[in-house]
Amino acid sequence: MEKHRGFPGRLPGTDFQFVLRRANKDGATKLTERVRYPDRRPADKRADAGFMLALWQHFGDEPFVRGNLDAGRLSWLFGREVVPAEDPFDPESYEAMLQIDVDVASRNFPEVFEQ
């Protein structure tokens, strides 16, 4: 499992985790597309925006390996702002390649791309 050095471990001042410390002995947790309902808590929305900002600052529009990025946090963006960058795609692999869909991400998180 590739570790993304310099990537923030969590959203500052919260317990929202962004990366894993070590690989799961049973294999990577499967990435799934989670539905973001409009009535989600403001803290959850800030965590999504903070994670998107960290992804954008660290990787930009280039493909990146999933590595030690948290599957739960990725799943909130997966299928919309973060898409597979390879075909076939294995959602249960730490080596899976992902990429930010800049058009969708800039529409859903304009504050991230205004900076």
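Start by selecting R40: with 13% relative accessibility, this arginine is buried (buried means under 20% relative accessible area, exposed over 50%, partly exposed in between, with a 1.4 Å probe and protein chains only). You're looking at a predicted model, where local features need pLDDT of at least 70, side-chain atom pairs count only at pLDDT 80 or more, and totals for chains, interfaces and linings use all residues. Numbering runs from 1 along each chain as its sequence is written, and side-chain values use heavy atoms, without hydrogens and water.

Next, pick R41 and D44, whose side chains form a salt bridge at 3.2 Å, N to O. D44 counts as buried at 15%.

Hop over to R80 and E81. Their closest N and O atoms sit 3.9 Å apart, in another salt bridge. R80 is buried at 19% relative accessibility, and E81 is buried at 0%. The whole structure has 7 salt bridges.

Finally, zoom out and colour by secondary structure: there are 4 helices and 3 strands (DSSP runs, numbered from the N terminus: helices are H or I of at least four residues, strands E of at least two). Along the sequence, they follow the pattern α-β-α-β-β-α-α. The C-alpha trace spans about 35 × 30 × 25 Å along its principal axes, and buried residues make up 41% of the 115 residues.

Definitions and conventions. Salt bridge = Lys/Arg side-chain N within 4 Å of Asp/Glu carboxyl O.
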